[in-house]
Amino acid sequence: MGERVAIIASGQTNHCSKRTDVNIPEMIQEAVDRALLQANLTLDDIDAVVIGNMEHFEGINLSDMWASEGAGSVMKPAMKIATGGTTGASVAACAYYHCASGLFDTVLAIGWEKLSESDPTGGIITAFDPIVERLTLAGAVGGLAIEATAYMKTYDVPEEVFALAAVRSRKNAKRNPHAHLKLDLTVQQVLDTPYIAYPLHYLDMCPASDGACAVIMASEKRAKDLCPKPAWIDAVVCRHNHAWIGDISFGKNSTLESAAVEAYKIAGITNPLEELNVIELYDPASYTQVSWLEYLHLCEMGQGRRLVEDGVTAFEGKLPVNPSGGVVSTNPIGATALIRVAEASLQIQGRADERQVDGVQRAMATGFGGSYWNEVFILSA
Amino acid sequence: MSTPKEKPLYISIKTDLPYAYSAGRPLSRFLVALRDEAKILASRCNQCSYVLVPPRAFCTQCHKLTPELVEVGPRGTLETFSVINFPFIDPFTGLERPVPYGYGIIKLDGCDNLLPHFLDISDHTKLAIGQRVEAVFEEKENRTTALTDIKHFRVLI
């Protein structure tokens with residue numbers, strides 16, 4: 001076992017579709033500055049930096065070097081992590097490993113993306129086998145759509161249930177000043193948008209956002225000195241699946257299930273529906289807020305719709321999912337999974353303002369990416 | 001001095017990045033068999049019998065080398081599907097991929113894994129999970145030693 005680690009502060013930009021006013025290092029600086037301000041620290045207090053974004057997206061290689069001034073990594077140990085959709089979670093995991101190893105006391109984790117300057121679908125396609133799988137893949141949208149088709153068929157769940165999850169997320173986003181899509185919608189309005197890829201409508205999918213997120217982690221002894229209420233990291237678990245889409249069994253998010261089961265074991269959780277107080281789920285499309293809850297063992301297989309329809313996962317419900325609005329409301333991809341971790345820590349720290357859920361003692365955050373790469377974090381007060 | 005209303009500049013850069021990839025031996029044999037014989041080859045593991053299409057040099061289940069190739073398909077079952085309906089740039093061509101198109105995940109007869117390919121959507125009402133489908137090959141003179149030598153899969157009535 002490594003040393004105990006906590007999140008002591010975080011900062012985010014106000015995410016939107018196009019940050020015309022700043023370039024990439026300037027946008028990153030904004031998130032870092034906000035995290036340092038919340039922690040009441042300066043860059044001199046930071047021992048190491050971990051940064052990540054999506055490879056290929058903005059067409060910038062060695063982005064860790066290129067963004068070093070914005071990241072604050074000049075004259076510090078720094079490394080880049082790029083693991084697709086999970087990049088932000090992997091950045092957080094790497095910062096956690098730095099502190100847990102005992103080699104570093106304060107580590108700054110940064111995720112960022114400027115999707116307005118990217119080609120996300122083209123970029124994601126190039127992550128797959130060039131001779132076989134790029135031919136038909138339509139990026140994240142296509143990959144998620146085929147899973148949604150399989151889920152609907154297996155458990156006979158109608159599109160209306162997915163739309164309800166999308167409506168709730170955009171409504172939750174109205175509580176979050178950093179969220180991108182803050183909308184009052186009806187289920188019918190979601191269903192009235194065209195299919196972006198059957199069975200997903202345009203408003204079932206996450207947006208493309210510009211934004212950055214920074215999280216400061218600290219070793220146990222420093223965390224207690226630096227922060228009145230640290231968010232302790234109880235478990236960090238990652239699982240991969242096969243690289244080729246055709247090698248994965250469709251309609252089964254077995255990597256999420258395996259990571260969650262392991263994380264529960266490490267954190268001593270036996271009944272997640274009772275013991276978790278909030279979840280920040282990486283929900284790239286609405287249906288994942290229905291289907292993937294089943295793989296987190298919050299209900300029986302096929303019963304995720306009950307959690308949504310009965311309001312269990314609503315803001316006022318027993319186990320709110322994505323009070324921040326989630327990925328369906330905000331998606332600067334390289335930052336997205338780190339935002340899940342940051343939001344979970346804010347809930348533990350009581351710093352989530354209007355989106356604060358009452359009495360959060362335990363929170364989960366997840367990250368998801370290509371080929372069913374999944375990461376699960378459990379935080380506690 | 002700049003003001004908040006000042007319009008920022010966008011500097012456009014066009015980059016042409018051609019690549020060539022080694023297909024490896026099993027995938028090379030697969031592509032040549034598609035082109036010359038309209039046959040679909042898969043690898044079969046001598047240790048665990050797992051059959052993979054396109055064929056691999058080693059088994060994804062037990063990590064052993066898989067020298068044996070077997071013929072599979074051309075018929076199979078539709079495992080899942082979508083109809084892609086949004087515009088995006090195809091990294092193959094640098095141009096917009098024509099939409100809508102059928103995206104099928106197909107379990108070929110004799111295979112343990114799945115093959116993603118195009119679906120004929122001239123009658124999309126016939127698309128359903130579990131539907132039987134069949135490979136439609138490109139005319140021989142039009143084949144290019146690529147996965148597109150299978151034009152698409154069509155639904156069997």
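A residue counts as buried if 20 or more other C-beta atoms lie within 10 Å of its own, exposed if 12 or fewer, and partly exposed in between, with C-beta atoms placed from the backbone. This is a predicted model, where local features need pLDDT of at least 70 and side-chain atom pairs count only at pLDDT 80 or more, while totals for chains, interfaces and linings use all residues. Residues are numbered from 1 along each chain as its sequence is written, and chains are lettered from A in the order in which they are written.

**View 1. Strand S1 of chain A and its partners.** Have a look at S1(A), residues 5-12: 8 of its 8 residues are buried. Gly11(A) has Ala214(A) as its bridge partner in S7(A). S1(A) also pairs with S8(A), residues 231-239, in the antiparallel sense over 2 bridges, with Ile7(A) partnered by Ala231(A).

**View 2. Where domain 1 of chain A meets domain 2.** The domain bounds, from an automatic or database assignment, are 5-119 + 210-231 for domain 1 and 136-207 + 232-380 for domain 2. The contact takes 37 residues from domain 1 of chain A and 33 from domain 2 of chain A; contact is C-beta atoms, placed from the backbone, within 7 Å. On the domain 1 side, H4(A) gives the most, with 8 residues.

**View 3. Chain B against chain A.** Here, 30 residues of chain B are in contact with 36 residues of chain A. S4(B) brings the largest share of the chain B side, 6 residues.

Technical notes:
Helix = DSSP H or I, 4+ residues; strand = E, 2+ residues; numbered from the N terminus. Pairing = 2+ DSSP bridges. Contact = placed C-beta atoms within 7 Å.
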